[in-house]
Amino acid sequence: MIKVIINEQERIWDSSQAGWINGTINELQKAGEPTCVRVLIEYGNINLCLSAGACSKSSGGGRPLNTHEAEMVDYWEQLSVESSPLNGGKLIAFLNQIKTR
């Protein structure tokens, strides 16, 4: 399961959610609202939460990442998903590649 949370709204990810992601991020940014995006990934041996934007800081999961989780974090950083201002296209590119990695 891949869940996307933008501020208080959440959806299970599938490619049909791309419009929701772009629209929600753009509307919040236009309104000057702080925008927090979290991606929860739970499948196979992956149990990971990634965040970008104005999210409250939380400590790490308390365990080292496994190989697959480390690959996900590397790809997230490679795409600069967390860069400001948030870019829905980068987030969608990341989400579209998750299951192929």
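Modeller: What follows starts with the whole chain, moves to the core, and ends with some loop residues.

This is a predicted model, in which local features need pLDDT of at least 70, side-chain atom pairs count only at pLDDT 80 or more, and totals for chains, interfaces and linings use all residues. Residues are numbered from 1 along each chain as its sequence is written, and side-chain values use heavy atoms, with hydrogens and water left out.

The protein chain has three helices and four strands. Here helices (H or I, at least four residues) and strands (E, at least two) are DSSP runs, numbered from the N terminus. Their order from the N terminus is β-β-α-β-β-α-α. The radius of gyration is 13 Å, close to the 13 Å that the globule rule gives for 101 residues, so the chain is as compact as a globular protein of that length. That radius is taken over C-alpha atoms, and the rule is 2.2 Å times the number of residues to the power 0.38. The C-alpha trace spans about 40 × 30 × 25 Å along its principal axes.

Of the 101 residues, 36% are buried. Buried means under 20% relative accessible area, exposed means over 50%, and partly exposed lies in between (1.4 Å probe, protein chains only).

Now the core. In soluble globular proteins, nonpolar side chains tend to be buried together. A nonpolar core is a set of buried Ala, Val, Leu, Ile, Met, Phe, Trp, Tyr and Cys residues joined through side-chain atoms within 4.5 Å. The largest one here has 27 residues. Ile 21, Val 39, Ile 41, Leu 91, Phe 94 and Leu 95 touch the most other members. Six elements each supply at least two residues of this core: strand 1 (2–6), helix 1 (18–30), strand 3 (36–43), strand 4 (46–53), helix 2 (67–79) and helix 3 (88–98).

Take Ile 41. Leaving out residues up to four places away in sequence, Ile 41 touches Met 1, Ile 2, Ile 46, Asn 47, Leu 48, Leu 50, Phe 94 and Ile 98. Contact means heavy atoms within 4.5 Å. Across the chain, 48% of the contacts between residues at least 6 apart in sequence join residues at least 24 apart.

Thr 24 lies in helix 1, with a relative accessible area of 8%. Beyond four places in sequence, Thr 24 touches Ile 6 and Gln 9. Thr 35 lies in the loop between helix 1 and strand 3, and its relative accessible area is 7%. The Thr 35 side chain reaches the backbone oxygen of Glu 33 at 3.1 Å. With neighbours within four places set aside, Thr 35 has contacts that include Ile 6, Asn 7, Leu 28 and Leu 86.

Asn 7 sits in the loop between strand 1 and strand 2 (9–12). Asn 7 is partly exposed, at 26% relative accessible area. Its phi is near 50 degrees, a positive value in a residue other than glycine. Most residues other than glycine have a negative phi, and most peptide bonds are trans.

The loop between helix 2 and helix 3 holds Ser 80 and Pro 85. Ser 80 has a positive phi, near 55 degrees, and is partly exposed at 27%. The peptide bond from Ser 84 to Pro 85 is cis, with omega near -5 degrees.

Definitions and conventions. Polar contact = N/O pair within 3.5 Å; in protein donor to acceptor, adjacent residues only side chain to side chain.
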